[in-house]
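Below is a short briefing on one protein chain. Keep the sequence and the 3D view open while you read.

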Amino acid sequence: MAYKTVNPFTNKEVKSFTSLTEQEVTAKIDQADACYKEWRKTDFATRRAVMKKAATIMRENKAKFAGLVTLEMGKLISDAEGEVDLTADIFDYYADNAEEFLAPEILKPKDGRKAYVEHDSIGIILCVEPWNFPYYQLVRVAATNLMAGNVVMVKHASIVPQCAEAFEQLMLDAGAPKGAYTNLFVDSKHIAAIIHDRRIRGVAVTGSEKAGASVAGEAGKALKKSTMELGGSDAFIVLEDADLDKACKWGIWGRMNNTGQCCVAAKRFIVVESVADKLLKQLTECLSNLKAGDPMDRSTTLGPLSSEEAAKEIAELTATAIKHGAKAVVGGKRPDMPGAFMEATILTNITKENPVFYREFFGPVIMFFTVPDEKAAIALANDSEFGLGGTVFSNNIERAQKVASQIDTGMVFINRPTWTSPDLPFGGVKHSGYGRELSKEGIMEFVNRKLIYIENKG
């Protein structure tokens, strides 16, 4: 797998990078292991200072960090700047809260003895991360584990190598010792050998089902704890009592954020039939007005996909849907322009027999379904192998909560699309993976919750 920067706006290669040899990987694991033995002894004040400095550096150099994201995977520059801000916020969040999260938990055994649970670091955590949020994905594993006293080694996606290098340098500039955070330019085929190194104690993956299954399998063989944040095909349910203007506004944002390349994007619009035609018309008008162009130009509202390969894949999947009876209300093909672009698209008339019915559209394509009532909406939302996020729109909050409780996913948002915040747990069920990132739950994934029991009688 070649690590290279290819600008998806032009499809021209900008820079290439050399993958590490096995000997170089071993040396980096040696360095990380040596670092861990010292880093685990540091106090929270030392770790906190690194996180705070990293947040400050990112905010002070927002244009540089955001520009690399836009260059390498085509994210609109305003969205890239938002990612930088979010990443800095997560650094700050764990700097401010990790000590409290990891404080000993006092137990009250029935026998009257004293007991408590410590939260100890465990070692090197290997992280395999995707390209769609090149910094946000990294900070979710870096801030939690470094604050917990672990160290991390990260195989980032091959199409965002400059972002990967920038993040590693950020950690060094923030004061983290060499080996605390290690970027690995390695081929996927070498991941298994790294996982089986006895010094690797945990594995975190964000990516596709295929990648997750492969890495989880190796982690299982090696008896290593793993977390998986995989794909999603989030339902965006609109009930008949919803505010349609609000549903349309948030629906466009929820589907088109990051050009639709988001695991928690609103992918399946499930709308009660009494309001379906009106909402479909509103969505069609909004998507028709999106302007494709240079993602560095702030007037652009539809950027390229992350790569030419990604654009081809989403176009082929759309063509398959249409071939098997779906209707493209708007869009449906690639525009006649250079770059990795795909038209913003709405597909209707998708039956269960259509090969795309259970697929994840990782791009600017809405699958629009009309259902007779709330019960049918819940059933369709749950008829998926994925279970990451979901949305319910209704002006009756109590009703929306009852619907949300019946949706089989890790997260459900009411009257806005699924999104993320440092203090909210993030993760899914079914083929969307297991484990949680962010919030207190995220920092607990790779710690040893060690019981200390004191016999203080006789």
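In which helix does Leu380 lie? Leu380 lies in helix 12. This is a predicted model.

**Helix 12 and Leu380**

- Helix 12 spans residues 374-382, and its buried residues are Ala377, Ile378, Leu380 and Ala381.
- Viewed along the helix axis, these buried residues fall within an arc of 165 degrees, so they line one face of helix 12.
- An α-helix has 3.6 residues a turn, so residues three or four places apart point the same way.
- Leu380 has a relative accessible area of 14%. The cut-off for buried is under 20%, so Leu380 counts as buried.
- Beyond its neighbours within four places in sequence, Leu380 is in contact with Arg268, Ile270, Phe357, Phe369 and Val371.
- The cover over the buried residues of helix 12 includes strand 10 (234-238), strand 11 (266-272), strand 14 (365-371) and helix 13 (397-404).
- At the start of helix 12, a side-chain oxygen of Asp373 comes to within 3.4 Å of the backbone nitrogen of Lys375.

- Seven strands make an open sheet with mixed pairing, in the order 12-13-14-11-10-16-17.
- Strand 12 (327-330) and strand 17 (413-414) are the edges; each has a single partner strand, so one side of each is left without a neighbour in the sheet.
- Strand 13 (residues 345-348) pairs with strand 14 in the parallel sense, over three bridges. Thr345 has Val365 in strand 14 as its bridge partner.
- Helix 11 (residues 308-323) lies across strand 12, strand 13 and strand 14, at about 30 degrees to strand 13.
- Helix 12 also packs on this sheet, where it touches strand 10, strand 11 and strand 14. The direction of helix 12 makes about 160 degrees with that of strand 11.

**Strand 16 and its two partners**

- Strand 10 and strand 16 are parallel and share four bridges. Phe236 stands opposite Thr391 of strand 16.
- Strand 16 and strand 17 are also parallel, joined by two bridges. Here Thr391 has Phe413 in strand 17 as its bridge partner.
- Strand 16 covers residues 390-393; Gly390 and Val392 point one way, Thr391 and Phe393 the other, and all are buried.

- Ser233 sits in the loop between strand 9 (225-229) and strand 10.
- Is Ser233 buried or exposed? Its relative accessibility is 5%, so Ser233 counts as buried.

**Nonpolar cores**

- In soluble globular proteins, nonpolar side chains tend to be buried together.
- The largest nonpolar core has 91 residues, and Phe91, Tyr135 and Phe167 have the most contacts inside it.
- Helix 4 (residues 77-101) supplies the largest share of this core, twelve residues.
- Leaving out neighbours within four places in sequence, Phe91 is in contact with Met51, Ala54, Ala55, Met58, Val139, Ala143, Phe167, Leu170 and Met171.
- A second, separate core has 30 residues, including Ile237, Ile314, Ile378 and Leu380.

- Three strands form an open sheet in the order 3-4-20, with antiparallel pairing.
- Strand 3 (105-107) and strand 20 (448-454) are at the edges, each with a single partner strand, so one side of each is left without a neighbour in the sheet.
- Neighbouring strands in this sheet are turned by 25 degrees against each other on average, direction ignored.
- Three bridges link strand 3 to strand 4 (residues 114-120). Glu105 has Val117 in strand 4 as its bridge partner.
- Tyr453 lies in strand 20. Its relative accessible area is 40%, so Tyr453 is partly exposed.
- The C-alpha atoms of Tyr453 and Lys114 are 339 residues apart along the chain but separated by 6.0 Å.
- Apart from neighbours within four places in sequence, Tyr453 is in contact with Pro109, Asp111, Arg113, Lys114 and Ala115.
- Which side chain makes a polar contact with the side chain of Tyr453? The partner is Asp111, at 2.4 Å.

Conventions. Residues numbered from 1 in each chain as written. Predicted model: local features only at pLDDT ≥ 70, side-chain atom pairs only at ≥ 80, totals over all residues. Heavy atoms only, no water. Pairing = 2+ DSSP bridges. Axes fitted to C-alpha atoms, helices over the stretch in contact; angles between N-to-C directions. Core = buried A, V, L, I, M, F, W, Y, C linked by side-chain atoms within 4.5 Å. Buried < 20%, exposed > 50% of the residue type's maximum accessible area, 1.4 Å probe, protein only. Contact = heavy atoms within 4.5 Å. Arc of directions from axis to C-beta. Polar contact = N/O pair within 3.5 Å; in protein donor to acceptor, adjacent residues only side chain to side chain.
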